[in-house]
Amino acid sequence: MKARVHVMLKDGVLDPQGEAVRHALGGLGFGGVDKVRQGKVIELDLADGTTEDRVREMCEKLLANTVIESYQIEMS
Amino acid sequence: MRAAVIVFPGSNCDRDLAVAFREAGCQVEMVWHKDTTLPSGIDIVGIPGGFSFGDYLRCGAIAANSPICAEVKAHAARGGFVLGICNGFQVLTETGLLPGALLRNAGLKFICRTVPLIVGTEDSVYTSGYKAGQQIDIPIAHHDGNYIASDEVVAQLTAEDRIAFRYGDNPNGSTADIAGILSSNRRVLGMMPHPERAADEKHGGTDGKAMFASIASALAAA
């Protein structure tokens with residue numbers, strides 16, 4: 001089984017990388033991009049029976065820094 | 001007085017930090033990240049600058065979960081002293097020993113230059129060799145030194161006089177110009193600038209030397 005973890009900077013935390021990407025898109029002529037937020041996706045191959053709660057522990061302990069980041073877990 | 005300097009894969013200021021401690025009169029032990037105990041009788045743990053674990057995932061995140069860091073946390077919980085510089089500051093925020101986090105510099109560039117710092121407090125073994133309000137010149141060398149914390153945390157740090165250093169001319173977007181902060185017991189200091197790179201005439205500046213001198217004299221007397 002697999003889990004996919006999406007980690008994003010929390011709303012309100014300035015994302016200078018996203019801002020640089022937005023600026024670059026504007027420079028390429030892509031108008032109308034008001035905001036870009038950059039995050040990361042972490043894919044985990046897991047032993048059968050691993051619970052979402054277990055993945056949440058992984059997020060809290062290592063995969064996300066909850067001071068600045070939020071995360072979402074997709075199990076499949 | 002005895003100091004331990006932690007070495008992670010990717011640390012690159014470990015030897016400089018050891019030299020600065022040694023020149024101040026400390027006995028220094030280098031400690032590998034996989035070790036599960038600190039040498040006995042350690043007064044202060046130094047967590048050096050560098051790029052531990054290649055800055056993978058987040059700066060300092062993997063180092064903060066390495067075996068030795070459990071011991072560093074226990075040392076701090078016993079009232080031990082911990083000095084984290086640059087990547088060491090990032091590790092200390094990731095362990096939760098210090099509040100807040102370090103984000104990518106607001107200008108997105110790696111910044112490597114000597115910057116003016118304003119000493120925020122004299123009330124710690126790290127800063128007792130300076131005067132509050134004094135300007136000192138210390139090098140920075142980081143990509144992720146943009147300190148962020150909630151308004152409540154910054155208010156608390158300010159009210160408790162725990163902002164050890166502020167930037168004279170904020171280079172990286174840090175909240176409230178914060179360059180270094182103390183723990184609530186004032187024994188853990190995390191700072192992005194590198195005092196160990198300004199501790200010898202040949203470095204081109206010696207404004208960092210007073211920090212190691214005051215640590216050594218305070219802990220020798222303890």
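Biologist: In the hairpin of S10(B) and S11(B), which residue takes a positive phi?
Modeller: Keeping in mind that this is a predicted model, the residue is B:Arg186, whose phi is positive and near 65 degrees, in a hairpin that has five residues between the strands.

Biologist: And how do S10(B) and S11(B) pair?
Modeller: S10(B) and strand S11 (residues 188-191) of chain B pair in the antiparallel sense, over three bridges. Within this pairing, B:Gly180 stands opposite B:Met191 in S11(B).

Biologist: Is S10(B) buried or exposed?
Modeller: Strand S10 (residues 178-182) of chain B is mostly covered, with five of its five residues counted as buried. For chain B as a whole, 55% of the 222 residues count as buried.

Biologist: OK, zooming out, what is the secondary structure of chain B?
Modeller: Chain B comes to six helices and 11 strands. Its radius of gyration is 15 Å, which is close to the 17 Å that the globule rule gives for 222 residues, so chain B is as compact as a globular protein of that length. Taken along the principal axes, its C-alpha atoms fill a box of roughly 40 × 35 × 35 Å.

Biologist: What about contacts in chain B between residues at least 6 apart in sequence, how many join residues at least 24 apart?
Modeller: Among those contacts, 73% join residues that are at least 24 apart in sequence.

Biologist: Switching to chain A, which strands pair with S1(A)?
Modeller: Strand S1 (residues 2-9) of chain A pairs with strand S2 (residues 40-45) of chain A in the antiparallel sense, over six bridges, and A:Val5 has A:Ile42 as its bridge partner in S2(A). S1(A) also runs antiparallel to strand S3 (residues 69-75) of chain A, with seven bridges joining the two, and there the partner of A:Val7 is A:Tyr71.

Biologist: Last topic: how many residues does the contact take from chain A and from chain B?
Modeller: The contact takes eight residues from chain A and 11 residues from chain B. On the side of chain A that touches chain B, helix H1 (residues 16-27) of chain A gives the most, with three residues.

Biologist: And by class, what does that side of chain A have?
Modeller: The side of chain A that touches chain B has six nonpolar residues and two polar ones, with no charged residues.

Terms used: Residues are numbered from 1 along each chain as its sequence is written. Chains are lettered from A and ligands numbered from 1 in the order in which they are written. This is a predicted model: local features need pLDDT of at least 70, side-chain atom pairs count only at pLDDT 80 or more; totals for chains, interfaces and linings use all residues. Two strands pair if DSSP finds at least two bridges between them. Helices (H or I, at least four residues) and strands (E, at least two) are DSSP runs, numbered from the N terminus. The radius of gyration is taken over C-alpha atoms; the globule rule is 2.2 Å times the number of residues to the power 0.38. A residue is buried if 20 or more other C-beta atoms lie within 10 Å of its own, exposed if 12 or fewer, and partly exposed in between; C-beta atoms are placed from the backbone. Two residues are in contact if their C-beta atoms, placed from the backbone, lie within 7 Å. Ala, Val, Leu, Ile, Met, Phe, Trp, Tyr, Cys and Pro count as nonpolar, Asp, Glu, Lys and Arg as charged, and the others, Gly among them, as polar.
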